[in-house]
Amino acid sequence: MNRKLRISQCMIVKNEEKNIEKALSWGKNIMWEQIVVDTGSTDRTVELAKELGAAVYHFPWINDFAAAKNYACDQASGDWIAFLDADEYMEEKDAEKVYRLIENLAENQAPYQAVITNWFHLDAGGHVFMGGIQMRFFRNRPEIRYTGRIHEYLVDGGRELAASEVLDACEELIIYHTGYTAQAVSDAGKTKRNEEILLSELEKRPEDADVMGNLADVYKAMEDYDQAIEWYKKAVHVIQTGTAGPQIRNQRMSWTFSYLLDLLRWKKREEEEILEVYGQAVYYLPRESDFDYILGIHYLAKNHWEKAAHHLGRALELFEAYGSLGVGQIVAAKLMKIYEDLAISYYNAGQKEKSVQTCVSYLKENPLAMGVLKVLLTAFRGEAGDGGAGQVLDFLRQLYDFGSLKERLFVLKAAKEAGYQSIYEAVWDLFSPAEQEALAGLV
């Protein structure tokens, strides 16, 4: 490669033949070198990695993710390291963004030591179900290495990187993660391995709330929900007693409270217990929007519309105020659904004006949100019966370009699904006879 800046792509792998090609392809054009450290594959992972041009090294698995990752970093000769797992990737168009961003840092001698990006989890259908942030691009300095045998994270000389040393590129860059699909998290071998590592860590650090939360995640993946709840509660107790120590990190604390709240809701535990955990969560992390989202959908499921509207609205307010930088990971991934649920809650609580306002504020930025538009049309129909088509259509013209075939079709479909016949007919009349003939029977 004839590039001035050298980026070393590193990863550790074991039996990743299904993912390795994509993992080594998305950023190939910007990488100085690609380093794959195998920890004991028995499939074609190593063979495929070599065919794709990567330098392959072998590291004996010692139940320590940080040790394996640090070994990979030690092999890198680039100026910067890109450390994505084999089940992660970026869109190819973002690869050049990564290169230009890091190149700009080098040219301007910026003091940043690492870059954080969005981190979106995809389900089996390729849909985002949760978000987060990750630090996967960092300077190749021997002091910057991973710590933690599992759920490892970067430190610089043993200390966490300060905010002033990390460039926030979340608005520009996204890493997609496929490792949390139902099939992946239920891998018995991996979950058992993680359980053993974490139990071993607890023997050394029995008051480590980070480890307790990570262990609870393992039991949640195993579908041992009672055990998961027990360990999340133990982590919360350690946090409350102040013995968690400096090792407890806000992101891990947020996950602990969020997952505990969601399990209590899902398992239909007593309201008093759910509200107690919610109160604790808000006390320790008052900027976190996910807690109110979970409580909001708890009340939504019970048809407690006013309470649902209060908490869903508060979740959006917190997210707008503080974004998704370390908080709001669930809210970030479910934003459209939250607006839809909030509008439904307002509507059913008799606050139809707020329902309309909620829909409109979202549709102005994201007009092709089918669920939200259907709620808006339902609210309009509730006010005007099946009439008032002229006024409603005039209102919709402020949100949609009816000169666009795509947007006309979108509104037509929403009106049909919302059962708003007069609007359906009014929009249908906007199509030319030729268009109507072509669409006959399709919408």
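## A predicted fold and its charged pairs

The protein has 20 helices and 11 strands, where helices (H or I, at least four residues) and strands (E, at least two) are DSSP runs numbered from the N terminus. This is a predicted model, in which local features need pLDDT of at least 70, side-chain atom pairs count only at pLDDT 80 or more, and totals for chains, interfaces and linings use all residues. Residues are numbered from 1 along each chain as its sequence is written, and side-chain values use heavy atoms, with hydrogens and water left out.

### The overall picture

Taken along the principal axes, the C-alpha atoms fill a box of roughly 70 × 55 × 45 Å. Of the 443 residues in the protein, 51% are buried; buried means under 20% relative accessible area, exposed over 50%, and partly exposed in between (1.4 Å probe, protein chains only). The accessible surface comes to about 20,900 Å², and 49% of this belongs to carbon and sulfur atoms. These areas come from the Shrake-Rupley method with a 1.4 Å probe, and for residues only the protein chains shown count as cover.

On the charge side, the mean positions of the 49 positive and 68 negative charges are 1 Å apart. Here Lys and Arg count as positive and Asp and Glu as negative, while His and the chain ends are not counted. The place of a charge is taken as NZ of Lys, CZ of Arg, CG of Asp or CD of Glu.

### Salt bridges

A salt bridge is a side-chain nitrogen of Lys or Arg within 4 Å of a carboxyl oxygen of Asp or Glu, and by this rule the count comes to 28 salt bridges.

| Acidic residue | Basic residue | N to O distance |
| Glu88 | Arg136 | 2.4 Å |
| Glu201 | Arg149 | 3.0 Å |
| Asp262 | Arg265 | 2.9 Å |

Let's start with the side chains of Glu88 and Arg136, which meet in a salt bridge. This pair links distant parts of the chain, with Glu88 in strand β5 (residues 88-89) and Arg136 in strand β7 (residues 128-139), 48 residues apart. Glu88 is buried, with a relative accessible area of 1%, and Arg136 counts as buried at 5%.

Next, Glu201 forms a salt bridge with Arg149. This pair also links distant parts of the chain: Glu201 sits in helix α6 (residues 188-204) and Arg149 in the loop between β8 (144-147) and β9 (153-156), 52 residues apart. Glu201 is buried at 6% relative accessibility, and Arg149 is buried at 16%.

Asp262 and Arg265 both lie in helix α9 (residues 250-266), 3 residues apart, about one turn of the helix. Asp262 is partly exposed at 28% relative accessibility, and Arg265 is partly exposed at 21%. Elsewhere, salt bridges that share partners join Arg141, Glu143, Asp156, Arg159 and Glu165 into one network.

Asp87 lies in the loop between β4 (80-83) and β5.

Helix α14 (residues 335-348) has 14 residues and reaches 20 Å from its first C-alpha to its last, close to the 20 Å expected at 1.5 Å a residue. The expected span is 1.5 Å times one less than the number of residues. Following α14 comes Gly350, whose phi is positive, near 85°.

In helix α19 (residues 421-428), Ser422, Ile423, Tyr424, Ala426 and Val427 are buried. Their cover includes α17 (389-396) and α18 (405-418).

Gln109 has a phi of about 50° and is placed in the loop between α4 (92-107) and β6 (114-122). With 72% relative accessibility, Gln109 is exposed. Glu223 has a phi of about 65° and is found in the loop between α7 (209-221) and α8 (225-241). Glu223 is exposed too, with a relative accessible area of 56%.

Conventions: Contact = heavy atoms within 4.5 Å.
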